[in-house]
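Hello,

Here is the structure I promised to pass on. Please open it alongside this email and follow along.

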Amino acid sequence: MTEFWLISAPGEKTCQQTWDIMMAATTRTNNLSTNHKFNIPDLKVGTLDVLVGLSDELAKLDSFVESVVKKVAQYMADVLEDSRDKVQENLLANGVDLVTYITRFQWDMAKYPIKQSLKNIAEIISKQVTQIDNDLKTRASAYNNLKGNLQNLERKNAGSLLTRKSCGSIIQEKRIAYNDWHKTYETLAEMVVPRSSHLLFEDNDSGLFSVTLFMKAIDDFKHKARENKFTVRDFRYNEEEMKADKDEMTRLSTDKKKQFGPLVRWLKVNFSEAFITWIHIKALRVFVESVLRYGLPVNFQAMLLQPSKKTVKKLREVLNDLYKHLDSSAAAIIDSAMDIPGLNLSQQEYYPYVYYKIDCNLLDFKV
């Protein structure tokens with residue numbers, strides 16, 4: 001699973017003891033999860049009122065940054081197109097895969113100095129990610145317009161027979177009617193040149209044939225052709241227009257190739273930046289919520305748990321038993337909820353211990 005549970009519990013006699021107790025409950029006999037200590041530095045606490053307000057702000061910021069992380073990842077997949085199997089190897093944080101970054105998380109003191117207030121750190125993150133979001137919109141719009149114009153030209157010049165450009169006067173018919181066409185086209189009107197029809201293009205549904213006839217016979221020919229369920233289209237050969245289209249396709253294709261490399265590099269760099277800020281927000285939320293729940297002085301152990309699909313339910317039960325003494329009201333809610341069929345417990349996600357989920361599955365398709 002790419003899902004992690006970021007939790008915290010108050011320090012016992014020491015924070016190490018809190019860690020040892022959790023490890024004993026989840027790994028030593030039952031292997032319910034893979035666990036890591038999650039290092040959060042000594043941040044400035046501030047006042048209780050500020051912490052309460054900041055808790056709500058961080059929840060909104062968490063959702064916003066997660067959405068930007070996913071947008072950048074998804075656009076990376078869109079840009080790579082046929083190489084989507086290589087998306088995951090480009091989604092890195094500080095040059096390492098996401099699991100490694102999370103499990104070895106270290107607070108970035110240079111970007112987010114801990115001497116600053118928690119509110120200032122949150123504002124720095126918010127501005128940084130908002131800028132990434134705005135830049136993504138601008139770059140994606142420019143690249144998508146270029147890509148769309150190129151696709152439209154390609155479709156115009158090499159699409160299905162229903163939209164395809166060609167030169168000369170041609171007739172379109174279903175492939176099953178080929179024989180009917182050959183038998184009848186010379187007699188559909190006067191002044192049709194015998195044996196002048198030739199197959200120009202075909203796809204799975206249709207065939208495109210040329211036919212040569214005198215100008216004054218065209219209207220009569222069209223009318224008779226429709227009566228026989230053939231579709232006639234007029235084409236005028238315009239060498240200048242065709243050359244202009246070809247030149248434009250070449251130009252657009254060249255521009256797309258030129259923009260591809262820098263765009264992918266920008267996406268890689270800014271995905272990394274956005275993901276790193278997201279995990280810092282998780283750290284901020286754990287810190288703020290732990291202080292609000294467990295009180296001062298700051299004394300808690302943050303822990304990162306990675307459950308397997310088979311152990312999710314059991315792990316949750318073990319943690320609830322281990323920490324139910326921290327908040328009896330939360331334990332009561334959980335116990336009663338477990339007796340109600342069909343209740344989605346994950347919607348409330350409130351437990352006796354501080355808990356936040358981190359899901360590294362950021363794409364809406366499997367690669």
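Which residues of α1 are buried? Before the reply, one caution: this is a predicted model.

**Helix α1**

The buried residues in α1 are Thr 18, Trp 19, Met 22, Met 23, Ala 25 and Thr 26. Around the axis they cover an arc of only 165°, so they sit on the same side of α1. An α-helix has 3.6 residues a turn, so residues three or four places apart point the same way.

What do these buried residues pack against? Their partners are β1, β2 (33-37), β9 and α9 (312-323).

The helix itself covers residues 15-26, which makes 12 residues. From its first C-alpha to its last it reaches 17 Å. That is close to the 16 Å expected at 1.5 Å a residue.

**The sheet**

Now find the strands. Four of them form an open sheet, and the order is β2-β9-β1-β10. The pairing is antiparallel. β2 and β10 are the edge strands, each pairing on one side only. On average, neighbouring strands of this sheet are turned by 25° against each other, direction ignored.

Look at β1 and β9 in particular. Six bridges join them in the antiparallel sense. Ala 9 has its bridge partner, Gln 301, in β9.

Then look for α9. This helix lies across β1, β2, β9 and β10. It runs at about 10° to β1.

**The cores**

The largest nonpolar core has 64 residues. Which of them touch the most other members? They are Phe 38, Ile 40, Ile 125, Leu 267, Phe 271, Phe 275 and Ile 279. Several elements each supply at least two residues of this core, among them β1 (3-10), α2 (48-80), α5 (118-158) and β10 (354-359). α8 gives the most, with 17 residues.

Leaving aside neighbours within four places in sequence, Ile 40 is in contact with Ala 283, Val 286, Phe 287, Phe 300 and Ala 302.

There is also a second, separate core of 17 residues. Its members include Trp 19, Met 303, Leu 315 and Leu 319. You met Trp 19 above, as a buried residue of α1.

**One residue to check**

Last, go to Glu 289 in helix α8. Is Glu 289 buried or exposed? Its relative accessibility is 16%, and the cut-off for buried is under 20%, so Glu 289 counts as buried. Apart from neighbours within four places in sequence, Glu 289 is in contact with Ser 55, Val 354 and Tyr 356.

Best wishes

Key: Residues are numbered from 1 along each chain as its sequence is written. This is a predicted model: local features need pLDDT of at least 70, side-chain atom pairs count only at pLDDT 80 or more; totals for chains, interfaces and linings use all residues. Side-chain values use heavy atoms; hydrogens and water are left out. A nonpolar core is a set of buried Ala, Val, Leu, Ile, Met, Phe, Trp, Tyr and Cys residues joined through side-chain atoms within 4.5 Å. Buried means under 20% relative accessible area, exposed over 50%, partly exposed in between (1.4 Å probe, protein chains only). Helices (H or I, at least four residues) and strands (E, at least two) are DSSP runs, numbered from the N terminus. Contact means heavy atoms within 4.5 Å. The expected span of a helix is 1.5 Å times one less than its number of residues. The arc is that of the directions from the helix axis to the C-beta atoms. Two strands pair if DSSP finds at least two bridges between them. Axes are lines fitted to C-alpha atoms, for helices over the stretch in contact, and angles run from 0 to 180 degrees between N-to-C directions.
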